[in-house]
Structure formats: structure tokens, C-alpha cells
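Here is a short report on one protein chain. Look at the picture first, then read on.

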Amino acid sequence: LEIPEIHAAIDPLAAQKNELHLTELVFNLGELDIVKNAAGQTNIFALGLNLPDKDKLANDRDVSAIKKQTGFDFTGIDKLSVSVGTAKYIDLGDAKNNHEQNIGLDNIVIPNVKSPADLTGLIVLIALRSDNFFTTLVSPADLK
């Protein structure tokens, strides 16, 4: 990952109440390099092995995942500004599969983020600008 800028402004009054409320979050993902080793494993999906089970989190209504990890209730982001530069896929087993895609999003502002659902538009925009870059990372069996 190349992250040229990440900036968060936290609401101090909310923090005193054990709430995580960001008045502003700037996230600039300059470059994402996805590397597939000769065994067929990618660095990005290897990171996912340590993530909590999504079904368990979906059924856990009493405490949010963020609260479990930080001790704070997430109450939102007033202004999220996202930039996404380039995505690269490097196949160490077969270099002919290597490719690069310029996503080219610059300071996309999303107001009032309260849940992951509020990021749907951003995800769709990244998918459209990626020219199917990310679909090559998922096998048809994974989509079932």
C-alpha cells in the first residue's frame, strides 16, 4: 500500500462519551499492489484471514464490531474525502497475468457516513473506474 495522506479529525466531546465521531477523514490510497505467489495465494486475501467472521458479526446485535475493537461506539464521519490512484496485480507464477489499472479518483467527498451502506456509491464508482480489475481476483466458485 502507498498511502500518501491519511488525516482524521476526531470530535473531542464525543470521545469523552466513548463515541468515535470523526468530523473529517481524508484517505488517499495512492497505490494498491496485489501480489499472487506461486502457490496461488494473494497478499490481500491473506490479510482477510485475521478478520472476524462476518456471519458472527452480523448476528452480534448487542455491541458493534468497532466498539469491540476500540471500546468506542462509532457514530459517524461528517465529511469523508477519498482518493484512489492505481491498482496493480502481480502474479509471481505467471507474469503474463500482471496488469495495472489507474482508478483515478481524486477527493471524492461523501458526507454523513454512518454505516458501511453509506459507502455503496463509492464502491460502485471504484468498480466502474477499475475496468473489471477486481473481478479477476475472484474465482467463479467464490461467488456462490
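Start with helix α5, residues 120-129. This helix lies across β3 and β4 and runs at about 160° to β4. Axes are lines fitted to C-alpha atoms, for helices over the stretch in contact, and angles run from 0 to 180 degrees between N-to-C directions. Contact means heavy atoms within 4.5 Å. Helices (H or I, at least four residues) and strands (E, at least two) are DSSP runs, numbered from the N terminus.

The model is predicted: local features need pLDDT of at least 70, side-chain atom pairs count only at pLDDT 80 or more, and totals for chains, interfaces and linings use all residues. Residues are numbered from 1 along each chain as its sequence is written, and side-chain values use heavy atoms, with hydrogens and water left out.

## The whole chain

The protein chain holds five helices and four strands. From the N terminus on, their order is β-α-β-α-α-α-β-β-α. Of its 144 residues, 24% count as buried. Buried means under 20% relative accessible area, exposed means over 50%, and partly exposed lies in between (1.4 Å probe, protein chains only).

The chain exposes about 9700 Å². Carbon and sulfur atoms supply 56% of that area. Accessible areas come from the Shrake-Rupley method with a 1.4 Å probe; for residues, only the protein chains shown count as cover. Now take the contacts in the chain with a separation of 6 or more: residues 24 or more positions apart account for 62% of them.

## The sheet

In what order do the four strands form the open sheet? The order is β1-β2-β3-β4, with mixed pairing. The edge strands are β1 and β4, and each pairs on one side only. From one strand to the next, the twist averages 10°. Two strands pair if DSSP finds at least two bridges between them. Strands of a sheet pair through backbone hydrogen bonds, either parallel or antiparallel.

Strands β2 and β3 (residues 73-91) run parallel, joined by 15 bridges. Here L32 stands opposite A87 in β3. Strands β3 and β4 (residues 99-113) run antiparallel, joined by ten bridges. T86 stands opposite N102 in β4.

## Two residues in the sheet

Find E31 in strand β2, residues 19-36. Is E31 buried or exposed? E31 is buried, because its relative accessible area is 18%. Leaving aside neighbours within four places in sequence, E31 is in contact with L1, E2, T86 and K88.

Now move to K79 in strand β3. K79 counts as partly exposed because its relative accessibility is 38%. In β4, its bridge partner is P111. K79 and V109 are 30 residues apart in sequence, and 6.7 Å apart in space, C-alpha to C-alpha. Beyond neighbours within four places in sequence, K79 is in contact with T23, E24, L25, V109 and I110.

## A nonpolar patch

L1, I3 and I6 make a nonpolar surface patch of about 330 Å². Patches are made of residues with over 30% relative accessible area and no salt bridge: like charges are joined within 9 Å, nonpolar side chains (Val, Leu, Ile, Met, Phe, Trp, Tyr) within 5 Å. A salt bridge is a side-chain nitrogen of Lys or Arg within 4 Å of a carboxyl oxygen of Asp or Glu.

I6 has its place in strand β1, residues 5-10. I6 counts as exposed because its relative accessibility is 57%.
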